[in-house]
Amino acid sequence: MNQTDAMRIFLRVAELASFTQAADSMGLPKASISAAVQQLETEFGTRLLHRTTRKVQMTQDGLTFYERCKDLLADIDELQTLFQAGEAGLAGRIRVDMSSGIAKNVIVPKLAEFLRAHPRIEIELSSTDRRVDVVREGFDCVIRVGNVLDSSLIARPIGQYALLNCVSPSYVAQHGLPQTLADLAQHQLVHYVPTLGGKSTGFEYVDDHNEPQAVAMSGAITVNNSDAYLAACLAGLGIIQVPDAAVRAALATGELLEVLPQYRAAPMPISLLYANRRHLPKRVKAFMDWVTATLQAYLVRDSS
């Protein structure tokens, strides 16, 4: 095995802290993964990983080697496309994560245009509502809605997602249409929490002083998944507060109705996050630029 391939394998083992998980993620036999790490340890004359029956952990030399490997492999990726004409020459795999709503309603429907422009690029797309570990799980970039809390990652702001208050026609037929905040006492909210057992904020809105406020509301169902959140609203179970992108098609067909447009929740920031690398491969930069342009139609316009 050449040294570059062995280094890529070492990075996956180090990031996942597991030979088995690295083998699964790369589609290689576990024996090949072990052999690649042993090859590097022999060539460089040092132990890179501590191996026990419970875990795999980098040695001090392994930590140093890991950081240098990341920079070196990023440089190699950049070098491979340095003299290729334009972006049509970009090639390789991009692993990206985003919420299921963004994937379903925005990115996947338009992804064919990106792949037509870059036929040698392959996309590995993860769509989940959980917050993935960008480094450990080997993602090139992730689209994150909400405030960025991980200071170890580089955040590229894209803009702000508009949030709408929506109900289904069947809900309106049974409960009527809320006109004021006071009316909410007679209505139901579909509650969304990241982890079941957590406390729902209630109906959120921004007051006349641009301050966030919330109204406690009753509701028969609490969910922790964006698909279930939308499905509950379509089934007439209550009001939801959801990104424009997730409901634009349903609003156009009349499957959903916007209510209380004067009491929308504060827009949510949306960012692209990636690991703190000295260089990003051109293919990843091209994908991030395309994502940024694609999302513009769903962002709050600057009124200044």
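These legends walk through a few close-up views of the structure above.

This is a predicted model, where local features need pLDDT of at least 70, side-chain atom pairs count only at pLDDT 80 or more, and totals for chains, interfaces and linings use all residues. Residues are numbered from 1 along each chain as its sequence is written, and side-chain values use heavy atoms, leaving out hydrogens and water.

**View 1. The largest nonpolar core has 29 residues.** A nonpolar core is a set of buried Ala, Val, Leu, Ile, Met, Phe, Trp, Tyr and Cys residues joined through side-chain atoms within 4.5 Å; buried means under 20% relative accessible area, with a 1.4 Å probe and protein chains only. Among the residues with the most contacts inside this core are I102, F287 and L295. Elements that give two or more residues to this core include β3 (91–98), α5 (100–117) and α9 (282–295). Helices (H or I, at least four residues) and strands (E, at least two) are DSSP runs, numbered from the N terminus. The largest share, seven residues, comes from α9.

**View 2. Here are the surroundings of Y161.** Leaving aside neighbours within four places in sequence, Y161 is in contact (heavy atoms within 4.5 Å) with residues including I102, P243, M268 and L295.

**View 3. Five strands form an open sheet with mixed pairing.** Their order is β4-β3-β5-β14-β6, and two strands pair if DSSP finds at least two bridges between them. The edge strands, β4 (120–127) and β6, each pair on one side only.

**View 4. β3 and β4 pair in the parallel sense.** Eight bridges join β3 and β4. Look for R95, whose bridge partner in β4 is E124.

Key. Buried means under 20% relative accessible area, exposed over 50%, partly exposed in between (1.4 Å probe, protein chains only).
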